[in-house]
Amino acid sequence: MEIVELIALASKFNVESRLGSSPPKDESDNPNKPPTFTYRELATATRNFREESFIGEGGFGLVYKGKLESTGQVVAVKKLNHSGLQGDPEFLVEVLMLTLMRHPNLVTLFGYCAEGNQRLLVYEYMPLGSLEDHLHDIPPDKEPLDWNTRMMIAAGAAKGLEFLHHQAQPPVIYRDLKSANILLGEGFHPKLSDFGLAKFGPSGDKSHVSTRVMGTQGYCAPEYASSGKLTIKSDIYSFGVVLLELITGRRALDDSHGRDRQIVEWARPILKDRTRFVQLADPLLRGQFSESVFKKAVDVAILCLQEKANNRPSMQDVVAALNYLVSRKYDPNKANKADIKGTDDHSPSGSTISNTGSPIGTTMLNTGLDRDQAVAEARMWGETWREKQRQSSHDSPESPDGL
Ligand SMILES: Nc1ncnc2c1ncn2[C@@H]1O[C@H](COP(=O)(O)OP(=O)(O)OP(=O)(O)O)[C@@H](O)[C@H]1O
Ligand SMILES: [Mg+2]
């Protein structure tokens, strides 16, 4: 398919008129023109892809910060590697489709440039960089993320993923969810970047197989690694890994001691014993969190990391649970009160699971917070958990938690 045909196809989707007000405007545009940029425009924006504009490099190519001359808008320009992408019509169709995805927790893809053999993507610029930058190897002058911010980031990323899985039509499998792809805006507002693009990476070259085709090491679901079978449940496993990174401050794949060690492998013995959960805590948190909320966050990670894909929760359940955890803000001045109150440790992991399950029905909860808890428990720690437990023990009685 020629680019001209693609543009006609994109026009059918009425791309630009559905983009809202944020993308750059060109007065000469007709309303159906897809969001394309000329190479010249982007070269000018990034001062000819100068070193000072360089932000970083990923599996797709180099990323530059730029300022569009026409609108003054600051953008991130990703200059794609040439291999594997040239003349790929599906790529352009997909990119056009992705420009339609709008959600507060997705980085906006403003448009693209496909001139000659150049392929560039133009994104909204995210000023605070990636979550990875804020979790690992942080310089001494930078404050580590506190517990409340970590939960807010987890919930926001979960909402972005929920949108891709359950609201986007057709649904989008992220394929490469990791802390490097969770970008942060003002106030650490999280947005997922590069969604839906991982399938377009080069596939012939072995060195790329581990990152582009099989997802990034350390984040990849076991069934995807072993059989290449990819479903939205693979994304949920990767989300569990990101949650563990937020909880522990450890890298998904730690290669610092001469051998690769996956975070899940490291955490596994602790995850089996609820009384040891706090040992997982990132030392940089300095104990500034509520233990019961912390344990619930670990519960969510455990569910997402279930070995069997079907035993993992849906992103909707995860969002409900994390929204509740966000609502349980840690306040150092009131530390431990919630724990003492004893209302929030009905979590099912390990030996403390209550036989009666969720407290809903036994206590009619009045406040908004209690209602949030009720919803979260019903979805995550109540029905979902018990159902998964049943399935798990039915599938593999010797390993009921599937970890
Ligand atoms: N929209 C953006 N705004 C600000 N910085 C960005 C933006 N997109 C990417 N970056 C930064 O550019 C760098 C490279 O990003 P890139 O997405 O190419 O690689 P990656 O996320 O490490 O891996 P992958 O290729 O799997 O996405 C990262 O450090 C990221 O923080
Ligand atoms: Mg990325």
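This is a predicted model: local features need pLDDT of at least 70, side-chain atom pairs count only at pLDDT 80 or more; totals for chains, interfaces and linings use all residues.
Helices and strands here are DSSP runs, counted from the N terminus, with helices (H or I) of at least four residues and strands (E) of at least two. By that count, Pro-170 sits in the loop between helix 5 and strand 6 (182-184).

Pro-170 is joined to Gln-169 by a cis peptide bond, with omega at about -5°. Arg-175 turns up in the loop between helix 5 and strand 6 as well. The phi of Arg-175 is near 80°, a positive value in a residue that isn't glycine. For background, most peptide bonds are trans, and most residues other than glycine have a negative phi.

Helix 5 itself (residues 147-167) packs with helix 11 (residues 315-327), their axes 9 Å apart and at an angle of about 160°. Angles over 145 degrees count as roughly antiparallel, and helix 5 and helix 11 are therefore roughly antiparallel to each other. Their crossing is left-handed. On the helix 5 side, the residues making the contact include Met-151, Met-152, Ala-154, Ala-155 and Ala-158, along with Lys-159 and Glu-162. Helix 11 answers with residues including Met-315, Val-318, Val-319, Leu-322 and Asn-323. Sorted by class, the contact of helix 5 with helix 11 comes to 12 nonpolar, 4 polar and 2 charged residues.

The axes of helix 8 (residues 232-248) and helix 9 (residues 263-271) come within 11 Å and cross at roughly 70°. Helix 8 and helix 9 are therefore roughly perpendicular to each other. Helix 8 goes past helix 9 in a left-handed crossing. Here Val-241, Leu-244, Glu-245 and Thr-248 of helix 8 meet Ile-263, Val-264 and Ala-267 of helix 9. That contact splits into 5 nonpolar residues, 1 polar and 1 charged.

Then there is the ligand. Ligand 1 is surrounded by 22 residues, the closest being Gly-56, Gly-58, Gly-59, Ala-76 and Met-126. Strand 1 (54-57), strand 3 (74-80) and strand 5 (118-124) each put at least two residues into the shell around ligand 1. Strand 1 gives the most, with 3 residues. In terms of class, the shell around ligand 1 divides into 10 nonpolar, 7 polar and 5 charged residues. Domain 1 (3-124) and domain 2 (131-395) both contribute residues to this shell, so ligand 1 lies between them.

Notes. Residues are numbered from 1 along each chain as its sequence is written. Chains are lettered from A and ligands numbered from 1 in the order in which they are written. Axes are lines fitted to C-alpha atoms, for helices over the stretch in contact, and angles run from 0 to 180 degrees between N-to-C directions. Angles under 35 degrees count as roughly parallel, over 145 as roughly antiparallel, 65 to 115 as roughly perpendicular and the rest as oblique. A crossing is left-handed if the near helix is turned anticlockwise from the far one by less than a right angle, and right-handed if clockwise. Two residues are in contact if their C-beta atoms, placed from the backbone, lie within 7 Å. Ala, Val, Leu, Ile, Met, Phe, Trp, Tyr, Cys and Pro count as nonpolar, Asp, Glu, Lys and Arg as charged, and the others, Gly among them, as polar. A residue is near a molecule or strand if its C-beta atom, placed from the backbone, lies within 6 Å of it. Domain bounds come from an automatic or database domain assignment.
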